[in-house]
Amino acid sequence: MDLSQIALDAPTLKLGLSIVSGLLLIAMVRIVFLLRTNSRLIESTAKMEKQVLIQHQEILSVRSDSNAWRGELQRMFDAFRAEFSKRLMESEQRYQDIQERTENVTRTAKPAITLVSPPASIAATLEEAAAPVEKAVLPVPALNIS
């Protein structure tokens with residue numbers, strides 16, 4: 001189909017003009033709708049960016065708070081550990097002092113009563129009387145559970 005074959009009369013030109021103007025009008029309306037949507041997307045993007053920045057700041061503040069709390073707990077733990085190691089050293093020192101005192105007392109103490117060994121006949125009788133007689137131990141019968 002060639003342009004020379006189409007008749008260029010007024011109704012054909014009006015039809016072509018109306019089709020082109022309709023398409024132009026539809027394109028203009030579509031552009032207006034796209035501009036509105038674009039402006040809404042820009043606004044929502046800005047809101048989202050602000051929200052992301054706020055969340056990032058909150059995360060950083062929570063992280064710094066947790067680090068401060070962790071540091072405080074570590075300091076408390078170190079203080080307790082130092083205090084208890086000091087107490088342990090003091091108790092060990094007291095134990096050593098008591099041990100030395102008891103050793104010194106036992107070394108320097110003289111027996112208050114000197115024991116005289118009894119005569120041989122009485123000593124033999126005492127040893128026989130003091131030696132307990134052991135009885136044979138009988139085995140315990142096994143329990144039968146039925």
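Helices here are DSSP runs of H or I with at least four residues, numbered from the N terminus. OK, with that said, on to the model.

What you're looking at is a predicted model, so local features need pLDDT of at least 70, side-chain atom pairs count only at pLDDT 80 or more, and totals for chains, interfaces and linings use all residues. Residues are numbered from 1 along each chain as its sequence is written, and side-chain values use heavy atoms, leaving out hydrogens and water.

So, how many salt bridges does a search of the whole structure find? Three, where a salt bridge is a side-chain nitrogen of Lys or Arg within 4 Å of a carboxyl oxygen of Asp or Glu.

Let's start with aspartate 78 and arginine 81: their closest N and O atoms are 3.0 Å apart. They sit three residues apart in helix α1, residues 10–108, which puts about one helical turn between them. Aspartate 78 is partly exposed at 29% relative accessibility; by the cut-offs, buried is under 20% relative accessible area, exposed is over 50%, and partly exposed is in between, with a 1.4 Å probe and protein chains only. Arginine 81 is partly exposed too, at 49%.

Next up, glutamate 83 with arginine 87, at 3.2 Å between the closest N and O atoms. Both are in helix α1, four residues apart, about one turn. Glutamate 83 comes out partly exposed at 34%, and arginine 87 is partly exposed at 46%.

Last one: glutamate 103 and arginine 107, with 3.7 Å between the closest N and O atoms. Again we're in helix α1, with four residues and about one helical turn separating glutamate 103 from arginine 107. Glutamate 103 is partly exposed at 35%, whereas arginine 107 counts as exposed at 61%.

Methods: Helices (H or I, at least four residues) and strands (E, at least two) are DSSP runs, numbered from the N terminus.
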